Amino acid sequence: MAKPSYKSINDPQAGDKIQQFRQDLDQELEHAIEGHEFKMVYIGIATLIAFASVIYLAWKY
């Protein structure tokens with residue numbers, strides 16, 4: 001059975017690949033954070049409107 005061969009950690013392409021992976025990960029993380037923030041703002045505004053509507057209806061009737 002053949003053993004898998006691994007590239008040396010000193011391989012310049014390995015460093016480039018790690019750097020590219022980190023950049024891709026950072027971009028994906030930023031995208032996920034922005035999406036989450038948008039959802040939280042939407043939920044906050046919807047909750048505020050719901051509470052304001054209930055308070056208005058309680059005051060009106």
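Tutor: Helices (H or I, at least four residues) and strands (E, at least two) are DSSP runs, numbered from the N terminus. By that rule the chain has 1 helix and 0 strands. Helix H1 covers residues 12–60, and glutamate 30 lies in it.

A word on the source. This is a predicted model: local features need pLDDT of at least 70, side-chain atom pairs count only at pLDDT 80 or more, and totals for chains, interfaces and linings use all residues. Residues are numbered from 1 along each chain as its sequence is written, and side-chain values use heavy atoms, with hydrogens and water left out.

Now the aromatic part. The structure holds 1 aromatic pair. Its partners are tyrosine 56 and tryptophan 59, with 6.2 Å centre to centre and 45° between the planes. Rings of Phe, Tyr and Trp (its six-membered ring) pair if their centres lie within 6.5 Å; planes under 30 degrees apart count as stacked, over 60 as edge-to-face and the rest as tilted. The pair is therefore tilted. Tyrosine 56 and tryptophan 59 are 3 residues apart in helix H1, so about one helical turn separates them.

Next, exposure. Buried means under 20% relative accessible area, exposed over 50%, and partly exposed in between (1.4 Å probe, protein chains only). Tyrosine 56 is partly exposed because its relative accessibility is 45%. Tryptophan 59 has 69%, so it is exposed. Tyrosine 61 lies in the segment after H1. It counts as exposed because its relative accessibility is 77%.

Tyr56, Leu57, Trp59 and Tyr61 make a nonpolar surface patch of about 610 Å². Patches are made of residues with over 30% relative accessible area and no salt bridge: like charges are joined within 9 Å, nonpolar side chains (Val, Leu, Ile, Met, Phe, Trp, Tyr) within 5 Å. A salt bridge is a side-chain nitrogen of Lys or Arg within 4 Å of a carboxyl oxygen of Asp or Glu. Areas come from the Shrake-Rupley method with a 1.4 Å probe; for residues, only the protein chains shown count as cover.

Last, the whole chain. Of its 61 residues, 2% count as buried. The chain exposes about 6,300 Å², and carbon and sulfur atoms supply 66% of that.
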